[in-house]
Amino acid sequence: MNTLRILSKFVLIALLSLSSTEAYSSDSKHKKNKTIKRTPAVAIQGENVHFLDWKVVQEFRQEMLSKYQYDGVEFDNILKQTRFVESAVQLMKPMPAGKPKNWKVYRSRFVETARVNAGVAFWNRNETTLKKAETEFGVPAEIIVGLIGVETIYGKNIGRYNAIDAITTLAFAYPDTPNKEARTLFFKNELAQLLLWGRETKSDVLQIKASYAGAIGLCQFMPSSLRNFAVDYDQDGHIDLRTSEVDAIGSVANYLAKHGWKKDLPYVFPASIHQSSENPEQSKRQIDEFLGKGLRASLTLESLKPYVTTPDVNAPSNILYGVVDLQNGEDPTEFWLASENFFAITQYNRSYFYAMSVIDLGKVINLARTKD
Ligand SMILES: [Ca+2]
């Protein structure tokens, strides 16, 4: 859904779950000999810093009033009760350079027994809704189930921050990073969207829970997505991404459909890279150019030849592809040919690892479900 979450997922997991970081350690002897110390609980309550006294907040207030005719009294009332959460700022700081990116390690965190079992249960109790969403939006059940599983393990990790605290803090006190300016604009807009959402739906925004980055509900929508793409799929008169699995399913399907998902289009095919021995530099340049096409499918199978091919004979020749590289630390990089649907998932979170783990988790759950 946004770039920061590529990073935030790692940070959150690293900070909140020592046991999983321990699992990456290849030195199991070391682990046995050492008492595992739990990371201290991250403070999420925050402190009262009188946001209304901040000049930047007053400027934002003026903007809300003039641009959206937002009620000043209401604004003051909400901001008076909004707290500064230092841990949200800390969690936004970039991770120190660590081990090289490793797709297999990343995948193992998301495609694992507990999550697969929870996914099977989720699918079974929402079978009708998932079928309905598939028909209506063209998004297969396995993708929706995979995505909600990767996001929150079906509501288990929904976030315990107050959305307003986290988003306000990040809008006005984003840590000093190279992208601070862009991130500040991003969170200011999300704060505006949250306030507008509250006004439009008569919701008490002080009561909305979120991740430290302000992502809300089973599918972790930012407020702008909540306003623009969430749907009341159980038709009970309001959108509730926190407790309504049906609303979350419809909202994920709608989001993907609005971000380029195409019905019946396959997602990915394994790919082989061919470096020409006659002209290695030229072929490297060509492959790098394919890899540099960004988050979109723009190449035909014909144009990829002879540098990138797939052994899968089912790969349609009349669709467009992008070349995706999944780095595996010291081990060889995996290559895939990805369709527009793969890149639609990257609109949710701009990461190849993320999109591929959504696909893999969904497929594994689908298999586990049909096996029973
Ligand atoms: Ca609803």
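Let's start with helix 7 (103-110) and helix 18 (352-371), which pack at an angle of about 45 degrees with their axes 10 Å apart. Axes here are lines fitted to C-alpha atoms, for helices over the stretch in contact, and angles run from 0 to 180 degrees between N-to-C directions. That angle makes helix 7 oblique to helix 18; under 35 degrees would be roughly parallel, over 145 roughly antiparallel, and 65 to 115 roughly perpendicular, with the rest oblique. Helix 7 contributes W103, Y106, R107 and F110 to the contact, and helix 18 contributes F353, S357, D360 and L361. Contact means C-beta atoms, placed from the backbone, within 7 Å.

A word on the source: this is a predicted model, where local features need pLDDT of at least 70, side-chain atom pairs count only at pLDDT 80 or more, and totals for chains, interfaces and linings use all residues. Residues are numbered from 1 along each chain as its sequence is written. Helices are DSSP runs of H or I, at least four residues, numbered from the N terminus.

Now, helix 10. How many of its 12 residues are buried? 12 of the 12, so helix 10 is largely enclosed by the rest of the structure. Buried means 20 or more other C-beta atoms within 10 Å of a residue's own, exposed means 12 or fewer, and partly exposed is in between, with C-beta atoms placed from the backbone. The buried residues of helix 10 pack against helix 7 and helix 18, among others.

With 17 C-beta neighbours inside 10 Å, L299 counts as partly exposed. Thanks, everyone!

Technical notes. Helices (H or I, at least four residues) and strands (E, at least two) are DSSP runs, numbered from the N terminus. Two residues are in contact if their C-beta atoms, placed from the backbone, lie within 7 Å.
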